[in-house]
Every structure is written in C-alpha cells, then in structure tokens.
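Please open the model in your viewer and keep the selection tool at hand.

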Amino acid sequence: MSPIVDKERLRQVPPPQGQVTGWYPDPMGSTAERFWDSEWMELTRSPRLRLAAEALVREQAKQTSRLSLRDRVPPILLPPVSKEKREQRAREREHMKQQLWTEAERQAFFRTPAGRARLAFERGQHLFQYELDIDRIGPTVIPAPIGTAARETEDAVDILNSVVVEGWKLVDGKFFYVAGRGLVGCYLFRRSKKRRQKLNDPWRG
C-alpha cells in the first residue's frame, strides 16, 4: 500500500530528469519508487525495477542526443547571393591570397644573405657577417637593378656580390669544415655606402 503523503507537497516536487513516464526513486525521501506521469502520483512500489527505469531514461537521453542539429534547429534561409556579390567575394579572396603569398616571399627574401644585408644596412649597423654552406648551396634569390627581374642562383660568388651591392665591403673571409655541414664560408663585411645600389624588391615580382 502506498504511504499517505501531502498531495500539495507532491505537486511542488520537480519532475524527474527526462520527464519520461515511469517509475523513479521517491522524491519524498522514502526507499520506494514513485510513479510519474506528467505529475507525481500517489502510487509507489518496491524498488525492484529501478534499474529498468533508469535504463529507460538513459536510452531516451541517447536517442535525443542522436538528433542532428538540423533536426533540432530550424534551417535559416539566407537570401540568394547576386552574381556581382559572388564576383566581388572571389576578387577579395584572390586579393587576400596574393597578399599572403607576397608576405611569404618577402619573409623568405629577408632570410637570404642579401636580404639580411639589406636589413642590417637599413638598421645602421657598421658590420655584417654571414656563413654560407659551400657544399650545400640551394637556389637563393638575389635582387637585381631596378627595372630588371630578381633571379635565383646557386653560385657562391653571385651570393657574395649580392651582399656587396646592398652597401657592404668584404673585409675578411675564412673557410672551415663543420661536421654535418661540410665546407663553410664565413664572411665579414664593413658598411660601405658608396657600394650600395638601387635594387628591386624580389617579392614584388
């Protein structure tokens, strides 16, 4: 027999999680289970089927979570995009792509000997030094006079001259062997404004 409870208190008890009709632990604090069907009923029982009720609630929660966002949220209808707007967006994407490529090329140049020499001159440094792996020279971009295109070279002398025309005079050069790198040339330059030439920016094509 169900214990006598205050019906008014029973109506004030919050519903169970999931709000699925069935048996739940008695929210009134007894060791029994109480039936819920849109509201807590006076009907109670021993908790022998509690696990089954909990499994039902978990299964219901899983089914709810499997619903896709499209099933739960109504689709947002956007106005159609005009041809002019699509073309404008395409131009903006292409412009952004070009800017990113230009910046990548600029940063790559300033990692070369000529690029580092240009930065050192613009910063007002009086000495400049760099090392060159003679046995492993890869394609290196060097600038050219204004109006002509920059080019790539693997010639150590070309790379050396590309530093000189950035405003530097070679004052010392030594070669030594380094394990894992091979023959390495170490060059020291002194600032020489008269040797500086007007050269192009390789990243600008």
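A salt bridge is counted here when a side-chain nitrogen of Lys or Arg lies within 4 Å of a carboxyl oxygen of Asp or Glu. The model is a predicted one, and a search of the whole structure finds eleven salt bridges.

Begin by selecting E166 and R118, whose side chains meet in a salt bridge with an N to O distance of 3.0 Å. Because E166 lies in the loop between α6 and β7 while R118 belongs to helix α5, the pair ties together parts that are 48 residues apart in sequence. Both E166 and R118 are buried.

Next, select β4, β8 and β7, three strands that form an open sheet in the order β4-β8-β7 with antiparallel pairing. The edge strands are β4 (127-133) and β7 (168-178), each pairing on one side only, and the twist averages 20 degrees from one strand to the next. Between β4 and β8 (residues 182-191) there are seven bridges, and Y130 has Y187 in β8 as its bridge partner.

Then select R181 and E131, which meet in a salt bridge at 3.4 Å, N to O; R181 sits in the loop between β7 and β8 and E131 in strand β4, 50 residues apart.

Finish with R136 and D133, another salt bridge, in which R136 is exposed at 51% relative accessible area, whereas D133 is buried at 17%.

Terms used: Residues numbered from 1 in each chain as written. Predicted model: local features only at pLDDT ≥ 70, side-chain atom pairs only at ≥ 80, totals over all residues. Heavy atoms only, no water. Pairing = 2+ DSSP bridges. Helix = DSSP H or I, 4+ residues; strand = E, 2+ residues; numbered from the N terminus. Axes fitted to C-alpha atoms, helices over the stretch in contact; angles between N-to-C directions. Buried < 20%, exposed > 50% of the residue type's maximum accessible area, 1.4 Å probe, protein only.
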